[in-house]
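I opened this entry to record what I looked up in the structure.

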Amino acid sequence: MGALCSVIKFENLQELKRLCHWGPIIALGVIAICSTMAMIDSVLWYWPLHTTGGSVNFIMLINWTVMILYNYFNAMFIGPGFVPLGWKPENSQDSMYLQYCKVCQAYKAPRSHHCRKCNRCVLKMDHHCPWINNCCGFQNHASFTLFLLLAPLGCIHAAFIFVMTMYTQLYNRLSFGWNTVKIDMSAARRDPLPLIPFGLAAFAATLFALGLALGTTIAVGMLFFIQMKIILRNKTSIESWIEEKYVPVKNMIITNTEGPLSRFLLKAKDRIQYYQLDEVFVFPYDMGSRWKNFKQVFTWSGVPEGDGLAWPIREGCHQYDLTIEQLKQKADKRVRSVRYRVIEDYSGACCPLNKGIKTFFTSPCTEEPRIRLQRGEFILATRGLRYWLYGDKILDDSFVEGVSRIRGWFPRNCVEKCPCDAETDQAPEGEKKNR
């Protein structure tokens with residue numbers, strides 16, 4: 001009933017527009033095809049309803065479909081939960097540890113991030129999922145993960161039905177020259193014969209559905225294991241990425257500095273100006289037990305504990321340890337960013353044909369935007385690939401105050417380094433020299 005209530009009671013009926021997107025259309029299409037074909041194959045050609053096993057099998061197929069759709073629509077329509085517009089911490093002094101969102105006119109609560117797709121700051125944001133056309137976060141993380149679990153299980157059951165249907169129906173029609181192989185197929189014979197024969201169209205549809213089921217099992221199953229890995233550590237995908245920037249490097253010897261620095265150091269690989277002796281970053285939300293971390297997402301009621309603004313932390317940590325680390329990394333990114341001048345116009349196309357074959361085929365596989373460029377503009381690049389860069393357009397005073405940042409990907413061959421930055425020969429963050 002939770003999914004039904006969420007569909008009926010959402011505050012704005014325009015939420016239904018989430019269904020009008022390629023992600024939900026494809027996802028619901030795959031569910032519909034696999035479920036429908038599994039039921040048809042089972043009833044008509046493999047396991048008839050008048051048998052006990054056939055009835056149980058049919059009920060299980062319906063059960064898989066209902067549970068998958070229940071969690072799918074929960075994840076889509078309940079949503080992740082958002083930071084209230086204009087939110088600020090109760091203690092005004094805590095605002096120094098938080099980032100301010102100009103779009104939402106509010107401080108970003110711990111573990112929250114602004115989503116450009118949803119245009120809101122999302123509580124405990126994991127990622128924006130195109131398949132549900134919504135963010136995965138605080139309120140719908142459990143439903144989304146259960147969907148990732150149930151979808152492969154249902155597809156495995158459907159794939160079994162597809163394989164057995166084709167095997168039993170084609171056994172007596174195809175000969176592979178295995179004259180010495182004797183298999184008892186008496187259990188597969190139907191008496192009376194099915195009302196609709198298993199023809200070429202049924203075979204093609206079953207084979208197509210089998211491919212969808214196997215592909216979904218592999219792809220969604222991998223996503224489920226990734227999600228469970230971070231849930232058991234009480235992290236999100238974004239938080240794992242932030243923590244990965246802080247990696248311990250043992251026996252690092254620095255030769256171009258004064259003083260004895262040839263001992264064990266902790267290197268924040270994306271915070272080069274913050275090298276400090278004995279600096280240790282401990283993720284504050286890991287409760288130290290997988291079971292405790294698991295209960296932070298999954299509850300018997302289905303409603304996560306807390307309000308998504310304040311979080312329990314492990315002993316010895318500060319509520320804002322993670323946000324402080326984010327502020328340091330962002331400050332370093334600004335220091336290491338490289339200024340470029342646009343020398344060639346760019347329309348903002350995803351895969352521009354007029355910028356070269358290599359640029360066309362190496363377009364970043366991401367939903368992050370591309371930005372339109374005009375000759376003479378300036379860009380502050382923060383990361384990049386071999387043929388693409390990502391950065392912020394430097395806005396002049398002619399822009400109206402309050403305009404959000406214009407940032408995204410653009411071809412590298414459309415820009416050149418400004419002379420002051422070219423002298424330092426500094427590469428953007430995350431640049432991959434070999435791709």
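For the linings below I count Ala, Val, Leu, Ile, Met, Phe, Trp, Tyr, Cys and Pro as nonpolar, Asp, Glu, Lys and Arg as charged, and the others, Gly among them, as polar. The model is predicted, so I note that local features need pLDDT of at least 70, side-chain atom pairs count only at pLDDT 80 or more, and totals for chains, interfaces and linings use all residues. Residues are numbered from 1 along each chain as its sequence is written, and side-chain values use heavy atoms, with hydrogens and water left out.

**Cavities**

I took a cavity as a set of points, on a 1 Å grid over the protein atoms alone, where a 1.4 Å probe fits but cannot get out; lining residues have an atom within 4 Å of a point. Points are joined across faces, edges and corners, and a volume is the space filled by probe spheres set on them. I found two cavities of 30 Å³ or more.

The largest cavity holds about 50 Å³. I listed its lining as Gln99, Lys108, Ala109, Arg111, Ser112, His113, Thr323 and Gln326. That lining comprises one nonpolar, five polar and two charged residues.

The second largest cavity holds about 40 Å³. Lys124, Phe138, His141, Gln296, Val297, Pro304 and Trp311 line it, and they divide into four nonpolar, two polar and one charged.

**Nonpolar cores**

I took a core as a set of buried (under 20% relative accessible area, 1.4 Å probe, protein chains only) Ala, Val, Leu, Ile, Met, Phe, Trp, Tyr and Cys residues joined through side-chain atoms within 4.5 Å. The largest core has 24 residues, of which Val83, Trp87, Cys115, Met125, Cys135 and Leu322 touch the most other members. β4 (120-122) and α6 (237-244) each supply at least two residues of this core; helices (H or I, at least four residues) and strands (E, at least two) are DSSP runs, numbered from the N terminus.

A second, separate core has 23 residues, including Trp64, Met76, Cys129 and Ile231.

I then looked up the contacts (heavy atoms within 4.5 Å) of Cys115. Leaving out residues up to four places away in sequence, Cys115 touches Arg120, Val122, Met125, His128 and Cys135.

**Strands**

I counted two strands as paired if DSSP finds at least two bridges between them. β9 (residues 338-342) pairs with β10 (residues 378-384) in the antiparallel sense over four bridges, and Tyr340 stands opposite Ile379 in β10. β10 also pairs with β11 (residues 388-393), in the antiparallel sense over five bridges. Arg383 has Tyr390 in β11 as its bridge partner. A hairpin of three residues joins β10 to β11.

Terms used. On a 1 Å grid over the protein atoms alone, a cavity is a set of points where a 1.4 Å probe fits but cannot get out, and a pocket is an open set with protein on both sides within 12 Å along at least five of seven lines; lining residues have an atom within 4 Å of a point. Buried means under 20% relative accessible area, exposed over 50%, partly exposed in between (1.4 Å probe, protein chains only).
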